[in-house]
Every structure is written in C-alpha cells, then in structure tokens.
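Open the model in your viewer and keep the selection tool at hand. The stops below say what to pick and what is there.

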Amino acid sequence: MRGIVALLCGMVFGAGLAVSGMTDTAKVLGFLDIFGTWVPDLAFVMGGAVCVTLVAFHFVLKRKQPVLSAGFALSGKTAIDGRLLSGATIFGIGWGVYGYCPGPALSALVYLDSKTVIFVVAMLVGMALANKAGSA
Amino acid sequence: MLYSYTTPLIGGLLIGLSSVALLYFLGRMAGISSIVWGAISAQPDNSWRWLFLVGLVIGPLLYHQLTATAYPTASPLQWWHALIGGLLVGFGVKLGSGCTSGHGVCGIGNLSPRSLIATITFMATGIITVYVMRHLLEGM
C-alpha cells in the first residue's frame with residue numbers, strides 16, 4: 001500500500017512538473033532572466049504549490065501520525081549556517097547554468113535527450129562528492 | 001497573456017497536492033534531492049523512494065501521451081553546460097540539504113525560516129548566473 005501511494009505521488013508530482021513547464025529549460029532560464037526578457041509565468045508553479053502546502057501541512061501535522069507510517073519524518077534542522085547558505089548558493093548557480101533543478105531533470109529523462117542523462121549522472125556525482133566532503 | 005499562467009498554476013497545484021499526500025500517508029517530505037540521495041545511498045525502508053522516482057518519470061510520460069502535448073524543445077546549450085550544471089546542482093543540494101521542492105515547496109509550507117532563506121539564496125544565485133551568462137558573457 002505504501003508503495004502504491006509513493007508511486008502515485010511521484011506520478012502526480014512528475015506530471016505537475018511537466019504541465020507547469022519546469023521540464024522545459026528554456027522556460028526556466030527565461031524565468032530566471034529577470035534582467036533580460038523576463039517570463040514570469042513559472043512564479044505560479046512555486047506559488048501554487050506553496051499555497052497548497054502552507055494550508056494543508058498545518059492540518060496534516062496536527063495528526064498523531066501519518067495514515068500508513070508510524071510517525072512523521074521531518075528534518076528537524078533549523079540552523080541557518082554556512083553549509084545551508086553555500087549549498088543553496090552553489091545549487092542556484094548550477095540551476096542557472098543549465099535550467100534544471102533535481103526533480104525536473106529526472107522527469108525530463110523521459111524525453112530521451114542525452115544531455116539530460118549527462119546532467120543527471122553529473123548531479124549524482126555532485127551529491128556523492130558533497131557527501132564525501134561533508135563527512136571528511 | 002493570462003492564459004500563460006494557467007498551466008504553471010495547475011502544475012504547481014499538482015506538485016502541492018502530491019507533497020501533501022506524501023506527508024499525509026507516508027509522513028515524508030517530498031524533497032526530491034533527499035529522496036534521490038536516500039534511494040542511491042541505500043537507506044533502510046527504501047522501496048517507497050524508488051517507487052516515487054519511477055512515478056516521477058512515468059507521470060510526465062502519461063501527461064504528454066494522454067494529452068498529446070509535444071515534448072519541450074531540447075536545450076540548445078552544450079553538453080558541458082549539462083555536465084557543469086549537474087555537478088553544481090548535485091553538490092549544492094546535498095550540502096544545503098534540499099532543492100526547490102524540499103526547501104521551496106515543503107520547507108516554506110512547513111514555515112521553516114531555514115528553508116525560506118535557502119530558497120531566496122538559490123533563486124538569487126540562479127538569477128545572477130543567468131544574468132552573467134546571457135548578458136555579460138553573451139553566448140557562453
């Protein structure tokens with residue numbers, strides 16, 4: 001049951017990314033190009049998503065536990081430190097270089113473009129490197 | 001002009017809905033970078049992560065097939081843009097514990113100041129990067 005729910009959630013999430021335009025690097029870079037010919041449409045993606053989570057998370061987290069698990073697995077991290085800021089800074093630069101963040105890159109694999117495969121493999125390598133650097 | 005906002009909004013609502021369902025049923029945050037890292041680093045209780053990721057690819061396929069919507073045009077950028085972009089994105093999201101979904105959609109939804117700061121930071125550096133590449137180093 002948990003597996004089916006996870007699969008369905010992934011499908012809805014991925015469909016949402018494709019519907020929204022987030023899997024189109026030209027649209028994403030156009031959205032980030034606020035000093036050029038700015039295309040602000042994609043602001044409605046995070047805007048729409050956050051409207052839903054802001055309201056619904058509040059009620060969901062009032063429950064004692066989730067429907068199919070023993071407890072809520074929340075990060076619990078609150079520190080606004082150098083790791084957070086440098087990580088977000090580096091991530092944003094990479095996002096601006098090619099136009100994909102992690103979710104859309106994975107969803108776009110279905111378009112069978114070899115450059116997307118390069119992006120995703122490089123992303124996994126980058127994660128492993130950061131993990132190594134962080135634990136050293 | 002208004003029309004161009006409809007599909008981003010519908011997509012955003014679907015992403016929000018999925019995030020709420022994952023939290024409601026499994027008690028998990030739909031932070032894609034964390035789910036990916038958990039999946040490939042073989043965390044315990046991992047099958048839900050892999051199934052979520054399979055769905056993440058099947059969902060767009062179904063959307064494009066069922067609605068007969070064309071795939072987006074392939075990026076005109078070079079393979080090394082993809083390589084450098086991917087490396088930086090992967091390194092950054094692991095170091096900063098989250099990406100657009102984990103910090104942006106779920107973290108802000110959970111009223112986390114940490115996630116709000118992260119989101120403002122990566123939006124800002126993304127905007128600066130596009131400015132530098134498109135307008136300072138034209139054509140890079």
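**Stop one: a helix and its end**

Select Ala42(B): just after H2(B), this residue takes a positive phi of about 55°. Helices here are DSSP runs of H or I with at least four residues, strands are runs of E with at least two, and both are numbered from the N terminus. This is a predicted model, where local features need pLDDT of at least 70, side-chain atom pairs count only at pLDDT 80 or more, and totals for chains, interfaces and linings use all residues. Residues are numbered from 1 along each chain as its sequence is written, chains are lettered from A in the order written, and side-chain values use heavy atoms without hydrogens or water.

Step back to residues 32–40 of chain B. Seven of the nine residues in this helix, H2, are buried (under 20% relative accessible area, 1.4 Å probe, protein chains only). Among them are Ile32(B), Trp37(B) and Gly38(B).

**Stop two: the interface**

Now show both chains. How many residues does each give to the contact? Chain B gives 101 and chain A gives 97, with contact meaning heavy atoms within 4.5 Å.

Pick Arg134(B) and Asp33(A). Their side chains meet in a salt bridge at 3.1 Å, N to O (Lys or Arg side-chain nitrogen within 4 Å of an Asp or Glu carboxyl oxygen). The rule finds two salt bridges across this interface.

Next, colour chain B by helix. H1(B) gives the largest share of the side that touches chain A, 22 residues.

Note on methods. Buried < 20%, exposed > 50% of the residue type's maximum accessible area, 1.4 Å probe, protein only.
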